[in-house]
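Trainee: I would like to go through this model piece by piece. Please show it first.

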Amino acid sequence: MASSPLSFSLGRAPGWALPVALVGGLLSAVQSRINSRLSTELADGFTASAISFGTGLVIVLVIVLSRRSLRERAASFGHDLRIGALPWPLALGGIGGATFVLGQTFSVALIGVALFIVCVVAGQTVTGLVVDRVGLGPGGVRPLTAPRLIGAALMVLAVGLAMSSGVGVDVPWPLLVLPVVAGAAMGLQQAVNGRVSQHTGHFMIATLGNFVVGTALLVLVAVVHALAVGHGPAPLPANPLLYLGGTIGVVFIAIAAQLAAPLGVLTLAMTTIAGQIVGSVLLDVLAPTGTEHLTPLTLLGAFLTLVAAAVTAGIGPARRRRDS
């Protein structure tokens with residue numbers, strides 16, 4: 001088979017992996033704000049989530065159908081699922097993505113981007129640590145080394161600080177549950193996407209599977225909701241920027257599917273979280289919506305997540321001495 005995007009050695013991340021994962025996190029923070037605004041304009045978060053995933057699905061389909069090699073890989077992936085050569089639960093990564101989009105849609109408008117992201121961190125950190133330890137991700141079992149445990153502990157501390165500041169401004173605890181669940185779903189999604197990318201030899205196949213499953217689930221939820229309330233969403237807004245959430249989602253999922261193997265699920269999660277924190281705080285400062293809770297504790301928690309990401313990735317004086 002010709003060389004694929006996954007031709008690097010597992011466990012040996014290329015030099016561009018961490019910066020690209022960081023950019024993916026920055027984009028995810030922007031996606032959170034866009035999806036939340038679309039939900040507000042439509043007065044229907046379910047439809048907004050379905051639109052976000054649906055536009056992403058169209059983009060991925062165009063990419064896959066335009067290249068013969070990708071069409072063949074997609075067909076082979078479907079065949080392997082049918083004959084049992086690949087466990088079918090690995091094709092359900094889109095459920096994690098759909099859960100995350102729903103969390104973005106409903107939570108950001110109520111608690112702000114920054115607090116939403118640090119709540120996601122809680123679920124994503126614990127899930128990434130467990131997934132790597134049991135070997136669910138494409139890189140196999142990754143031991144619980146001191147840097148990984150310290151980084152995870154720092155991340156939990158950071159989330160605790162940031163969440164306590166949110167509660168202090170009368171944010172009900174139930175509003176924090178959905179983003180935590182969304183973070184756990186993201187951790188599982190990155191693991192299974194990495195496995196699919198490893199099996200098929202291309203991250204776009206995992207991305208396609210995600211958007212097929214996620215779009216189907218979100219459209220179903222949107223239809224059931226419309227029938228239950230007896231009316232559909234408000235008219236579609238004219239602002240084209242509000243439809244960029246799906247495009248950003250394609251980039252983010254493709255990045256995660258590509259990098260889960262070399263970085264490991266926990267390091268990937270930590271690095272994207274660092275990007276999300278930087279992007280979310282910048283958004284809350286530069287383009288506030290009036291719902292932000294950027295107290296000193298929130299900012300301290302955000303800083304500690306950056307430290308935790310660096311520790312988990314092995315960035316620091318000890319790593320530089322070993323590499324010298």
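The questions below cover salt bridges, an aromatic pair, the core and the surface.

Mentor: This is a predicted model, where local features need pLDDT of at least 70, side-chain atom pairs count only at pLDDT 80 or more, and totals for chains, interfaces and linings use all residues. Residues are numbered from 1 along each chain as its sequence is written, and side-chain values use heavy atoms, with hydrogens and water left out.

Trainee: Which residue forms a salt bridge with R148?
Mentor: A salt bridge needs a side-chain nitrogen of Lys or Arg within 4 Å of a carboxyl oxygen of Asp or Glu. For R148 the N to O distance is 2.6 Å. R148 lies in helix 6 (residues 146-168) and its partner in helix 5, so the pair ties together parts 16 residues apart in sequence. Helices are DSSP runs of H or I, at least four residues, numbered from the N terminus. The partner is D132.

Trainee: Are R148 and D132 buried or exposed?
Mentor: Buried means under 20% relative accessible area, exposed over 50%, and partly exposed in between (1.4 Å probe, protein chains only). By that scale, R148 and D132 are both buried.

Trainee: How many residues apart are E72 and R68?
Mentor: Their side chains meet in a salt bridge, 3.0 Å from N to O. Both lie in helix 3 (residues 68-83), about one turn of the helix apart. The separation is four residues.

Trainee: What kind of aromatic pair do F53 and F211 form?
Mentor: Phe, Tyr and Trp rings (for Trp, the six-membered one) pair if their centres lie within 6.5 Å; planes under 30 degrees apart are stacked, over 60 edge-to-face, the rest tilted. Here the centres are 5.0 Å apart, with 40 degrees between the planes. F53 is in helix 2 and F211 in helix 8 (residues 203-229), 158 residues apart. The pair is tilted.

Trainee: Where is A43, the residue with positive phi?
Mentor: Phi of A43 is near 55 degrees, and the residue is not glycine. A43 is exposed, at 64% relative accessible area. Its place is the loop between helix 1 and helix 2 (45-65).

Conventions: Helices (H or I, at least four residues) and strands (E, at least two) are DSSP runs, numbered from the N terminus.
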